[in-house]
Amino acid sequence: MKTIIMTNICAVLFSMSVTATDFDKDTFKTSEGELTITFIGHGTLMMEFNGLVLHIDPVGSYADYSKLPKADIILVTHEHGDHLDVNAIHLLKKETTVVAMSQKCTEKYTDGIVLNNGDSLTYEGIEVNAVPAYNIKHMRSEGSPYHPVGQGNGYVIHFAGKKVYVAGDTENIPEMANLKDIDIAFLPMNLPYTMTPEMVADAAKMFEPAILYPYHYGNTDPEKLVERMKDQNDTEVRIRELQ
């Protein structure tokens, strides 16, 4: 396991004159200010906290990144084209941007920091933990998993004590039972690549996030998850446009 601590030692003046007005947002209070999450689409999210901007799996199919705020941190879960878009990274990157990704991603983008499962990164007070994301059940026709163990990341992101889990492309893997005190979770629900609503409900039972957003759900009806979760009073399910 490695831990990377990075500090922006340059005074950078950046005007966020363009905002993501075309997308839905939710705002959460933390002990050090507000956390705003913008729901861009599919597996793509933007988070803003204390003047910092974090983009997760930015892909140009879901947004015009020339019109969105530049990134302080970019996290890429894995190398598939609906999660890793080199052009989107170039549009979002500034001199001080930290780009963190799994090892497999470096075959397509070479200017990033590699985080393997279990590694951590801290930048300007935001801590990021890379956690496993992989398939157990769903396989390609030749019998290999869509997402092999060890090749992709989920991320647990700490915003002043509020913990956000972005699972990446994964199933309800045993390692989810190790997650603790997750305030906000994004779990994928898109067959055959990730989970069924039943599998997402099972995953939620393992670590009981306060708020659960199904994301990357393709043609799966998210209301099926709502039905599955109706007796889990510790978790609130929120549906947003994240197909």
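**Figure 1. The largest pocket of the predicted model has a volume of about 190 Å³.** A pocket is defined on a 1 Å grid over the protein atoms alone, as an open set of points where a 1.4 Å probe fits, with protein on both sides within 12 Å along at least five of seven lines; lining residues have an atom within 4 Å of a point. The volume is the space filled by probe spheres set on the points, which are joined across faces, edges and corners. Of the 13 lining residues, V131, V156, E175, N178 and L179 are the closest to the pocket centre. Strands β10 (126-133), β11 (152-159) and β12 (162-166) each supply at least two residues of the lining, and β10 gives the most, with 3 residues. Strands (E, at least two residues) and helices (H or I, at least four) are DSSP runs, numbered from the N terminus. This is a predicted model, in which local features need pLDDT of at least 70 and side-chain atom pairs count only at pLDDT 80 or more, while totals for chains, interfaces and linings use all residues. Residues are numbered from 1 along each chain as its sequence is written, and side-chain values use heavy atoms, with hydrogens and water left out.

**Figure 2. The largest nonpolar core holds 55 residues.** A nonpolar core is a set of buried Ala, Val, Leu, Ile, Met, Phe, Trp, Tyr and Cys residues joined through side-chain atoms within 4.5 Å. Buried means under 20% relative accessible area, exposed over 50%, and partly exposed in between (1.4 Å probe, protein chains only). M47, I157, Y165, F186 and L187 touch the most other members. Helix α2 (residues 197-207) gives the most to this core, with 6 residues. Beyond its neighbours within four places in sequence, Y165 has contacts (heavy atoms within 4.5 Å) that include V131, M176, F186 and F207.

**Figure 3. D72 is found in the loop between β5 (52-56) and β6 (73-76).** D72 counts as buried because its relative accessibility is 6%. Its side chain reaches the backbone nitrogen of V53 at 2.8 Å. Leaving aside neighbours within four places in sequence, the residues in contact with D72 include K94, T96 and Y123.

**Figure 4. T36 is found in strand β3 (residues 33-41).** T36 counts as buried because its relative accessibility is 14%. The side chains of T36 and T27 are joined by a polar contact of 3.3 Å. A polar contact is a pair of N or O atoms within 3.5 Å; within protein, one must be able to donate a hydrogen and the other to accept it, and residues adjacent in sequence count only if both atoms are side-chain atoms.
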